[in-house]
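Subject: Structure handover and findings

Hi,

Here is the structure I promised to pass on. My notes follow below it.

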Amino acid sequence: MTHGTRSAGPAAQARHAVVVGGGLAGVTTALALADAGMRVTLLEGRPRLGGLAFSFRRGDLTVDNGQHVYLRCCTAYRWFLDRIEGAALAPLQDRLDVPVLDLARPEGRRLGRLRRDALPVPLHLGRSLATYPHLSLADRARVGRAALALKGLDLADPALDTQDFGSWLAAHGQSARAVEALWDLVGVATLNAVAGDASLALAAMVFKTGLLSDPGAADIGWARVPLGDLHDRLARKALDSAGVRTELRTRVTSVSLDEDGQWTVEVPGETLRADAVVLAVPQREAHDLLPAGALDAPERLLEIGTAPILNLHVVYDRKVLGRPFFTALGSPVQWVFDRTEASGLREGQYLAVSQSAAQDEIDAPVAVLRERYLPELERLLPPARGAEVRDFFVTRERTATFAPAPGVGRLRPGARTKASGLYLAGAWTATGWPATMESAVRSGVSAADAVLGALGRPRPQALFEFEEAA
């Protein structure tokens, strides 16, 4: 195929792209290509858009499959929210403030906070670290030195991906307590792995970008409405407005290149012809759809491991938590969010307990999880001790993210394949980010950019504004 020299004239207006997969990566790709004037068809096997960040109904409640947050430094996801006109529904904190409850401390002295001041990096966290009660004075000093060493790492150095973050922390004087009370507190939630199982490259990227780049970079944002309102309803509205043909419940059975340089995409009952195809599906699905020769070593996609996230959903008959969220130490509980208003619950309180790196519990029976976690919530939240539990249920994402293990960097492919006109998108591709909503959107932008470049089409300026903001 020799599309690269074509100009965006009238003939080029008819250029057709098929995007396979309606998660954040696929929706981003489709919107970007449609904004550039291409004809776009988006195919999704599920009955909804949103991929692994979605909502469902349970009785009168609208429930998210899991609690998803983003940070101020997630400039691509923030662009996405703006593009679907959803930014006001998922606001950011004015200033980073994370309540940390430590069950090992006596009641009344359990609460610590990680928050920032309006000072330049790294002073913005200085006062918070100096007064953080969950670390000893010596640990706080060593954390500061490790943070400076982390700031000095070159993220472009491929050697970082061969090391694990836990060993690096130990070599830089970090105690087991410091890892638990600070490094893993942030890292497990963002990487979906404990420090010892995480690539130093990905961990360094998270901490350098989130905590050591801009004072406000780690301010936390989350949806105050069900995720489906954003990633399905508003995304679908934006796609429709952009002229994208969106087909749900439509599984692609094969993708192949014709002799005349056109792509053929087969779905039940229809054959689609396209100038470009973007596979925005999980790595195993992408592997199965790739034509021979599209990647030098397609088996590497199967070597990218996966990691689970477990979410426990608890509905109480009264209010037991007075803040939007908190995180815990000295307990199996990780992060707890108040989802009462977003779910539509009229009385009582609905808490979502998000458990990342949940390999040991992902298949545990609901009764076992209930027995383990309800007493923990009572220990953390005294008002829960007299409350009635009206509902307790579990959502499990066994392949929630790719596993950020050392060496994963060399397995993650870029947007371009060796087959002209075929591209890849997904949080698992080579975005430099761990498997987050940010990574998914960035991958969609990269895939759209590659398509537009190959077809000689100008890229819409608004799409790449977030790169300047980063």
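Predicted model: local features only at pLDDT ≥ 70, side-chain atom pairs only at ≥ 80, totals over all residues.

The largest cavity holds about 70 Å³ of space. Its lining is made up of Thr62, Val63, Asp64, Gly66, Gln67, Pro226, His313, Arg339, Ala342, Ser343, Tyr350 and Ala352. By class, that lining has five nonpolar, five polar and two charged residues. At least two lining residues come from each of β4 (61-64), α11 (340-343) and β17 (349-356). The largest share is that of β4, with three residues.

Next, the second largest pocket. Its volume is about 550 Å³. The lining has 30 residues, and those closest to the pocket centre are Val188, Val194, Gln334, Ser356 and Ala357. Two or more lining residues come from each of α6 (176-191), β15 (325-329) and β17. The most come from α6, which gives five. By class, the lining of this pocket has 17 nonpolar, eight polar and five charged residues.

Alanine 357 is in the loop between β17 and α12 (366-380). Its phi is near 50 degrees, a positive value in a residue other than glycine. Is alanine 357 buried or partly exposed? It is partly exposed, because its relative accessible area is 24% and buried means under 20%.

Arginine 249 also has a positive phi, near 50 degrees, and is not a glycine. Arginine 249 sits in the loop between β9 (245-247) and β10 (254-257). Its relative accessibility is 64%, so arginine 249 counts as exposed; the cut-off for exposed is over 50%.

Now the helices. Which residues of α7 (200-211) are buried? They are Leu200, Ala201, Leu202, Ala203, Ala204, Met205, Val206, Phe207, Lys208, Thr209 and Gly210. That is 11 of the 12 residues, so α7 is largely enclosed by the rest of the structure. The cover over the buried residues of α7 includes α4 (137-151), α5 (165-171), α6 and β18 (389-402). From first C-alpha to last, α7 reaches 16 Å, close to the 16 Å expected at 1.5 Å a residue.

Helix α8 (residues 227-241) has 15 residues. Its first and last C-alpha atoms are 20 Å apart, close to the 21 Å expected at 1.5 Å a residue. There is a bend of about 30 degrees in α8 at alanine 235. Alanine 235 is also one of the buried residues of α8, with Leu227, Gly228, Leu230, His231, Leu234, Ala238 and Leu239. An α-helix has 3.6 residues a turn, so residues three or four places apart point the same way. Check the buried set of α8 with that spacing in mind: Leu227, Leu230, Leu234 and Ala238 are among its members. After α8 comes glycine 243, with a positive phi near 85 degrees.

A few loop positions remain.

Glycine 196 is in the loop between α6 and α7. Glycine 196 is partly exposed, with a relative accessible area of 41%. Beyond neighbours within four places in sequence, glycine 196 contacts Asp164 and Gly166. Tryptophan 263 is 67 residues from glycine 196 along the chain, and their C-alpha atoms are separated by 44 Å.

Alanine 435 is in the loop between β19 (422-424) and α13 (437-454). Alanine 435 counts as partly exposed because its relative accessibility is 21%, where buried means under 20%. Which residues does alanine 435 touch, not counting those up to four places away in sequence? They are Thr401, Phe402 and Ala427. Alanine 400 is 35 residues from alanine 435 in sequence, and 8.5 Å from it in space, C-alpha to C-alpha.

Last, a backbone item. The peptide bond from valine 121 to proline 122 is cis, with omega near 0 degrees. Proline 122 lies in the loop between β7 (111-115) and α3 (126-130).

Best wishes

How values were computed
Residues numbered from 1 in each chain as written. Heavy atoms only, no water. Helix = DSSP H or I, 4+ residues; strand = E, 2+ residues; numbered from the N terminus. Expected span 1.5 Å × (residues − 1). Bend = angle between axes of the 7 residues up to and from the residue. Buried < 20%, exposed > 50% of the residue type's maximum accessible area, 1.4 Å probe, protein only. 1 Å grid on protein atoms, 1.4 Å probe; cavity = no way out; pocket = protein on both sides within 12 Å on 5 of 7 lines; lining within 4 Å. Points joined across faces, edges and corners; volume = space filled by probe spheres on them. Nonpolar A, V, L, I, M, F, W, Y, C, P; charged D, E, K, R; others polar. Contact = heavy atoms within 4.5 Å.
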